[in-house]
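This report is intended for a reader meeting the structure for the first time.

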Number of protein chains: 2
Amino acid sequence: MLKDFMITSYDKKISVDDFNPDDTLNLDKKDAKAETLLLKERFRALQEMLYASKKYALLIVLQGMDCSGKDGAVNNALSEINPSGFSVKAFKVPTPEELSHDYLWRIHQQTPGKGEITVFNRSYYEDVLVTRVHGQIDDKTARDRFEEIRNFEKYLRNNHTIILKFFLHISKEFQKEQLLERLEEPEKNWKFSENDLKERELWEQYQLCYSDVLSRCSSSHAPWYVVPSNHRWVRDYFILTAIVKTLEKLDLEYPEIQGNEQKLIDAVKASE
Amino acid sequence: MLKDFMITSYDKKISVDDFNPDDTLNLDKKDAKAETLLLKERFRALQEMLYASKKYALLIVLQGMDCSGKDGAVNNALSEINPSGFSVKAFKVPTPEELSHDYLWRIHQQTPGKGEITVFNRSYYEDVLVTRVHGQIDDKTARDRFEEIRNFEKYLRNNHTIILKFFLHISKEFQKEQLLERLEEPEKNWKFSENDLKERELWEQYQLCYSDVLSRCSSSHAPWYVVPSNHRWVRDYFILTAIVKTLEKLDLEYPEIQGNEQKLIDAVKASE
């Protein structure tokens, strides 16, 4: 079912407009929420095996417009799992030191080790999104970066890092509702930034750049998922389904004891 | 109630033997478990305010013998909160590069920023524990380090980092049961290391070194808590109570909107 929202090659032109941010995947809300709880449990069990077996790393990339629900995806879909070996890295505006290096430099320092799961809340994709929308890079540089990013992701995959990329797709009207909520609810005020309003004016340019990213930076080993995110319950169900399916394909197993198990048991029993 | 297990100065000799690892704090197990769930919710709410207000950082140090339940404390007491701004750092045997620096060098790189919570699963305290038990440092060096650590913690506290240190206290018999469980349950095999058996032989030396740490590295701004940990439900209840009480004292608040709120609401409403 998720196949229709999954992009696995970079040989055809994709547009974000091909996808409906209001999509509910023909799901009943109540059923999906119940299923989401089961998926969380399954994810938790799979994470423990991933951690114990130390064969693969998992990198989860979250991208999307302001208010698309990246923070919420972390706090709802991706919470309640073992915090050991699980981390979230939010990439902000680069520091002067980071800017003095190539754009993947700060990224590579944060990629997960074997057994670990790392979530990128924004990522190196900002280097072909916000920079492009604001004219800091031209189209030629963007095209070069698409290739560099594909190669970087291939390299990570060759070195045991599983990559899942989620574009949280919302409508412009939905963003307006969310911005108003941040202003009107005191406990959400801190999430509001005046800059969000300026970025909102560049909505169309962002959508075009996202379409390019989906078209040019998708592959079977690092697919993009377009996640309908106007409904938060769809977003959570979708992301967890994709993660669980991916981890299940890895045939993870708990490692066995090295050495003679009975001898070790006897030694522990004999100890003071 | 936790006061009896909290050490807030370094002016008197403390022994781990003064504490009973089987202690249940006069609690009923069922009541404590119900209370633990409420504490988790409270922690979650406080964490969000800590994160939003960005005034303080929280550093949680977990120390204890093998099988004392450090990983379990993370996975049970400290899971289910927002993974954004929350991370766990497990300190392993230092790498050659880390060893080429002073012992706080690798530690300082991992301390939390304002708004963040970081859990150290083992910590710089290993540099006055495992190193001392194995004769890599002498008593004079240990005494120097106690002072250095006190000063380091005072420095962090002066710079808005709240520090809570938990010594997970178990009995030697309890460790034996846990080691056997790791050997006998296939899904726990991966947690067993033959080295644990060798370290077990040094139990008494470790207890003496822990007693020194509690005696010499406690202060009101970076107290040690001796957590009775033979019962996991006591451990979880204890740790969460200490964290919640500490965060509540900070009088955390959500920040308010900067600028004219109504003007911003109007601007969002007027936007396309």
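## Arrangement of the two copies

Chain A is superposed on chain B by a rotation of 180 degrees with 0.0 Å of shift along its axis, at an RMSD of 0.0 Å. The two copies are thus related as by a two-fold rotation axis. Within chain A, the C-alpha nearest this axis belongs to A:Glu80, at 2.0 Å from it. Both copies use the same surface, for 100% of the contact residues of chain A recur in chain B. The model described here is a predicted one.

## The enclosed cavity

How many cavities of 30 Å³ or more are counted? The count comes to one. The space in the largest cavity is about 80 Å³. It is lined by 14 residues, and those closest to its centre are A:Ile81, A:Pro83, A:Phe86, B:Pro83 and B:Phe86.

The element that gives the most to the lining of the largest cavity is strand β3 of chain B (residues 86-90), which provides three residues. Sorted by class, the lining of the largest cavity holds nine nonpolar, three polar and two charged residues.

Helix α10 of chain B runs over residues 232-248 and has 17 residues. From its first C-alpha to its last, α10 of chain B reaches 24 Å, close to the 24 Å expected at 1.5 Å a residue. This helix, α10(B), is mostly covered, with 14 of its 17 residues buried.

Helix α2 of chain B (residues 70-77) is also mostly covered, six of its eight residues being buried. Which residues of α2(B) are buried? They are B:Lys70, B:Gly72, B:Ala73, B:Val74, B:Asn75 and B:Ala77.

## Buried polar and charged residues

B:Asp196 belongs to helix α8 of chain B (residues 194-200). Its relative accessibility is 8%, and B:Asp196 therefore counts as buried, the cut-off for buried being under 20% relative accessible area. Apart from neighbours within four places in sequence, B:Asp196 is in contact with B:Asp66, B:Leu179, B:Arg182 and B:Lys191.

A:Asn189 lies in the loop between α7 (172-184) and α8 (194-200) of chain A. With a relative accessibility of 7%, A:Asn189 is likewise counted as buried. When residues up to four places away in sequence are not counted, A:Asn189 touches A:Arg182, A:Leu183 and A:Glu184 in chain A, and B:Pro255, B:Glu256, B:Ile257 and B:Glu261 in chain B. A:Glu126 sits in the loop between β4 (117-121) and α5 (130-133) of chain A. A:Glu126 is buried, its relative accessible area being 11%, and it touches A:Gln63, A:Thr131 and A:Tyr210, residues up to four places away in sequence being left out.

Is A:Ala270 buried or exposed? A:Ala270 has a relative accessible area of 70% and is therefore exposed. This residue lies in helix α11 of chain A (residues 261-270). A:Ala270 and A:Tyr210 are 60 residues apart in sequence, and their C-alpha atoms are 64 Å apart in space.

Most residues other than glycine have a negative phi. Which value does phi take at B:Arg122? It is near 70 degrees, a positive value in a residue other than glycine. B:Arg122 is placed in the loop between β4 (117-121) and α5 (130-133) of chain B. At a relative accessible area of 22%, B:Arg122 is partly exposed.

B:His160, which is not a glycine, also has a positive phi, of about 75 degrees. The loop between α6 (139-158) and β5 (161-169) of chain B holds B:His160. B:His160 counts as partly exposed, at 35% relative accessibility.

Terms used:
Residues are numbered from 1 along each chain as its sequence is written. Chains are lettered from A and ligands numbered from 1 in the order in which they are written. This is a predicted model: local features need pLDDT of at least 70, side-chain atom pairs count only at pLDDT 80 or more; totals for chains, interfaces and linings use all residues. Side-chain values use heavy atoms; hydrogens and water are left out. On a 1 Å grid over the protein atoms alone, a cavity is a set of points where a 1.4 Å probe fits but cannot get out, and a pocket is an open set with protein on both sides within 12 Å along at least five of seven lines; lining residues have an atom within 4 Å of a point. Grid points are joined across faces, edges and corners, and a volume is the space filled by probe spheres set on the points. Helices (H or I, at least four residues) and strands (E, at least two) are DSSP runs, numbered from the N terminus. Ala, Val, Leu, Ile, Met, Phe, Trp, Tyr, Cys and Pro count as nonpolar, Asp, Glu, Lys and Arg as charged, and the others, Gly among them, as polar. Buried means under 20% relative accessible area, exposed over 50%, partly exposed in between (1.4 Å probe, protein chains only). Contact means heavy atoms within 4.5 Å. Copies are superposed by least squares on the C-alpha atoms of residues with pLDDT of at least 70 in both. The expected span of a helix is 1.5 Å times one less than its number of residues.
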